[in-house]
Amino acid sequence: MTNVTKLTAAELSELLTDRSVSSVEVTRAHLDHIAAIDTDVHAFLHVARDAALATAARIDARRAAGDELGPLAGIPIAIKDVLATLDMPSTAGSKILEGWIPPYDATVVKRVRDAGLIPLGKTNMDEFAMGSSTEFSAYGPTHNPWDFDRIPGGSGGGSAAAVSSFQAPLALGSDTGGSIRQPAAVTGSVGVKPTYGGVSRYGSIALASSLDQVGPVTRTVLDAALLHDVIGGHDPLDSTSLTDSWPSMAAAARAGLADGALKGVRVGVIKELNGDGFQAGVSQRFTETLALLSAAGAEIVEVSAPNFEYAIAAYYLILPAEASSNLARFDSVRFGIRVNPDEGPLTSERVMAATRDAGFGPEVKRRIILGTYALSAGYYDAYYGSAQKVRTLIQRDFEAAFTKVDVLVSPSAPTTAFKFGEKMSDPMAMYLNDVTTIPANLAGVPGMSLPMGLAPEDGLPVGLQIMAPAKQDARLYQVGAAIEAMLEASWGHTLLSQAPELAPNDMFTSTEGAV
Amino acid sequence: MKKAELMDYDKALELFEPVLGFEVHVELNTKTKMFCGCANEFGQGANTNTCPTCLGLPGGLPQVNAQAIESSIRLGLALGCEIAEYSRFARKNYFYPDTAKNFQTSQYDEPIAFNGQLTIELESGRLVTVDIERAHMEDDAGKLTHVGGATGRIQGADYSLVDYNRGGVPLVEIVTQMIEGGEADSPEIGRTYVAAIREIVKALGVSNARMEEGNVRCDANVSLRPRGSNILGTRTETKNVNSLRSVEKAVRYEIQRQAALLQAGGTITQETRHWHEDTGITSAGRPKSDADDYRYFPEPDLVPVAPSREWVEELRATLPEPPAARRKRLQADWGFADLEFQDVVNSDLMDAVEATIAAGASAQAARKWWTGEVARLANVAGVSADSLVQPDQVAALIELVVAGTLTDRLARQVLEGVINGEGTPLEVVEFRGLAVVSDDGALIVAIDEALAAQPDVLAKIRDGKVQAAGAVIGAVMKAMRGQADAARVRELVLERAGSADGSAE
Ligand SMILES: [Zn+2]
């Protein structure tokens, strides 16, 4: 029998529909694989083995009973720990939420469950999604499946590592400044940040409310589209959720697989997002991809986005400002850990302070302090106010560019996966890693990362970022699927088929495989 | 808490000019909370009306209650405010355990309503126009109960309990401009202003407007300016003054306290102060400065509120007659003397009296019954008069009295029956058999018996000592168990005494 963990969600969907495999078989195979390799990868903070198998059995029973099921019913999914889940701890990678089980499901989680997907567990992340490497997780870093000495990206390194190491075909992520796309790029997987407001944020533990967006993490563009169709659409519980009706992203992705799908597509290359500061192998693969696109009939247009150079500065004012307020609720009064001060009186204020001191990691504290400062009276206009103006300018850059082109492209990240510890002592270097992804969050436009090869110098995955105008997520899927097909045709294989085969951990397979 | 040194009130006004400002919080009576679907109601178990959003759980998000927006706009319009074309919520950041998110979702530089005016009339007839700076929307905090310790305050408590049922309840905060020139009327201006706000929100139906339940809460700012100076004094903010009388007393107290302190060479600390209903004094709360940094910024989880002009005009058309104008009209219509009308207004019985008159009663009878017997029974029961009995029942009762079916005394018994739930006044009359005996035949029998039993009285009547008839009338009324019209009995007694004379035939 084929190894079902190597199949895409779309392939599994067919097998499940014609009942050549059961959801229990698929789920168990993934759980066994997690048991075998995740002590090394550490993609998961929590694995819900029993619950997953029970859910899978229910889906199999419903299928046997002839129930109408969605295309992803019975397929396992990993859930980023930033999302509230009724039956699993939700810690956002922070000590302060250790063991906290929410009394509710995030809207996207509810939709995933309603669609019959099988939650396998919760994936690792930088604490409160602050970071680009998962090194800021309070529960230890996730390792890049391509090289265990390297970071899997962040903040959603756990979800990206889970799908790229075949522990799950699908995962949910959240992207505030690149937390879905950059991990996808450095692990050779696919990640999409939808249009702001396209996917509900209700139940997603907020980092920066005006930037956060939940999205799919997968191995193929079609799989991402299928998952997007499940989680997207208006949610009355999120006031910033768009009320638009959306076309099928899966249909768009399938349309992209048709011959000649790239013919006449105007592809804008953002001048400011290449060259200086970009790893040679990253730039090389990008240039080669543009050449292939051109050969496929796309029209390559260079566009300028002059205000992108201020994006990081604006982002690192807006994000900490919003985060400092969003994270105020972690005060030990209603949930999470409570730490009493070592000495002195036990006042609520002092307990709050002691809890926050013990519960938050260094990057979280750094950003809370930055944001508190940026919002302070007398500084507001200079910092937060100016950053909002930059944001408007960046939105205008996008608008201007999209009058000339259908999609914009750039490398998803300036480098391939870096080594653990390389940027821990230098926050600015870590922040600069998001230079390519941040503009889409500031403007609210959708962005996707998909693999565009391995960098020759280190043999590590390089990601291509595609961006479309706001609400044109379908265009992203159509063009993305077309480029993915074009690249895979040029290589003769998928990129992830080149990833090292991870050795099973015997200790786990022997005991856990017998269920 | 020791009572502060107070200066004689007249003396204080001789030396200083009081400058006032009020922040009145009105709790809206929407079905659900400001930013979530939880019920906006009290009397439930602690923390039962809560959800991830109003508990400030990680991942919770707010949604604006459309009814609260509508109520706020109507309130803004009733206060003569302009309604913003574009209004935003903002986060007011501060840590306190009753504030689940550790920020209050309020409005900062873009309130829903601004630039209003409210003219109030003092008892002297003096009209005072209060300028309204703004009326903005926000969510209420939860309720803290401090357990242990002497003061019931957070300082010194062993522990504190938080009930978030109130957390997230919609509030409109109405902020006045500085009120100058109030002079000796300043305390009354405070009371009358808050009363006017209360009356308006009640007339609009946007709030239950019960001060004792905290539906309307007043923070009173008071500062003193030395006569001849144009420099404003430092102000204090007395929080949560929750009755009209207390507003008046608190303002007066602060004027006297601050005057004494300033006169003794002291300085006023800019601070919040607590009002103590029992002792009638204020005490220092926490220091407050204009530089308190709440790090306001626009609430990114909510989209701006942009009410269309058409909608605002539609809502304007739903405004009730302004309460002050209505009072003038009703007093004229009813022909009440000032004192009679004040009695009705102060007892909060205008609506009840109006409805009773509409149901057919005369104005004076309606006033007499509501402010008299109904109010008395309500007082005994410890409830509001208008919750005790319906206006149409009172009108029906009055009709029975006018028709002569009931005497006032019987009518009072019938009212008790109605309040006891025995039915309409007519049903109570039948059920209790309380109607006046209007059958002369039955009365004459009783009178003749009584006269026969008291021949000395009969003799006196015949001698023209008519006042002696009282003893016979009393006996007859007793025999009729009170269900007779005493005036008719008197008539018949005199008649029978006369005819008894002639009955010797
Ligand atoms: Zn709620």
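**Figure 1. Domains of chain B in a predicted model.** Domain bounds here come from an automatic or database domain assignment. The model is predicted. For chain B, the assignment gives domain 1 (9-290), domain 2 (321-432) and domain 3 (440-499). The centres of domain 1 and domain 3 of chain B, taken over C-alpha atoms, are 66 Å apart.

**Figure 2. The nine-stranded sheet of chain B.** This open sheet has 9 strands and mixed pairing. Its strand order is E2-E5-E6-E9-E1-E10-E11-E12-E13 (chain B). Strand E2 (82-83) and strand E13 (281-287) of chain B stand at the edges. Each has a single partner strand, so one side of each lacks a neighbour in the sheet. In a regular strand, side chains alternate between the two faces of the sheet.

**Figure 3. Strands E2, E5 and E6 of chain B.** E2(B) pairs with E5(B) over 2 bridges, in the antiparallel sense. Here Ile83(B) stands opposite Ala113(B) of E5(B). Strand E5 (residues 113-121) and strand E6 (residues 127-139) of chain B also run antiparallel, joined by 8 bridges. Gly116(B) has Ile132(B) in E6(B) as its bridge partner. Glu121(B) stands opposite Leu127(B) in E6(B). E5(B) and E6(B) form a hairpin, with 5 residues between them. Gly125(B), in the turn, has a positive phi of about 95 degrees.

**Figure 4. The zinc site of chain B.** Which protein residues are the donors of the zinc ion? They are Cys36(B), Cys38(B), Cys51(B) and Cys54(B), each through SG. The donors lie 2.3 to 2.4 Å from the zinc ion. In sequence, the donor residues follow the spacing C-x1-C-x12-C-x2-C. The 4 donor atoms subtend angles of 102 to 115 degrees, so the arrangement is tetrahedral. The ideal angle for four tetrahedral donors is 109.5 degrees. Cys36(B) counts as buried because its relative accessibility is 7%. Cys38(B) is buried too, with a relative accessible area of 8%.

**Figure 5. The three-stranded sheet of chain B and a helix from chain A.** This open sheet has 3 strands in the order E4-E3-E14 (chain B), and the pairing is antiparallel. Strand E4 (103-106) and strand E14 (297-298) of chain B stand at the edges. Each has a single partner strand, so one side of each is left without a neighbour in the sheet. Strand E3 (residues 90-93) of chain B is joined to E14(B) by 2 bridges. Arg91(B) has Phe297(B) in E14(B) as its bridge partner. Helix H10 (residues 311-326) of chain A packs on this sheet, touching E3, E4 and E14 of chain B. The direction of H10(A) makes about 60 degrees with that of E3(B).

**Figure 6. The surroundings of Gly142(B).** Gly142(B) lies in the loop between E6 and strand E7 (143-147) of chain B. Is Gly142(B) buried or exposed? Gly142(B) is buried, because its relative accessible area is 1%, and the cut-off for buried is under 20%. Leaving aside residues up to four places away in sequence, Gly142(B) touches Asp98(B), Asp163(B), Tyr164(B), Arg166(B) and Gly167(B). Gly142(B) and Gly168(B) are 26 residues apart in sequence. In space they are 7.7 Å apart, C-alpha to C-alpha.

Conventions: Residues are numbered from 1 along each chain as its sequence is written. Chains are lettered from A and ligands numbered from 1 in the order in which they are written. This is a predicted model: local features need pLDDT of at least 70, side-chain atom pairs count only at pLDDT 80 or more; totals for chains, interfaces and linings use all residues. Side-chain values use heavy atoms; hydrogens and water are left out. Two strands pair if DSSP finds at least two bridges between them. Helices (H or I, at least four residues) and strands (E, at least two) are DSSP runs, numbered from the N terminus. Donors are N, O and S atoms within 2.8 Å of the metal (3.2 Å for Na, K and Ca); water is not among the atoms, so sites may look incomplete. Four donors count as tetrahedral if all angles lie between 85 and 135 degrees; four count as square planar and six as octahedral if opposite donors are over 155 degrees apart and all others between 65 and 115; anything else is irregular. Buried means under 20% relative accessible area, exposed over 50%, partly exposed in between (1.4 Å probe, protein chains only). Contact means heavy atoms within 4.5 Å. Axes are lines fitted to C-alpha atoms, for helices over the stretch in contact, and angles run from 0 to 180 degrees between N-to-C directions.
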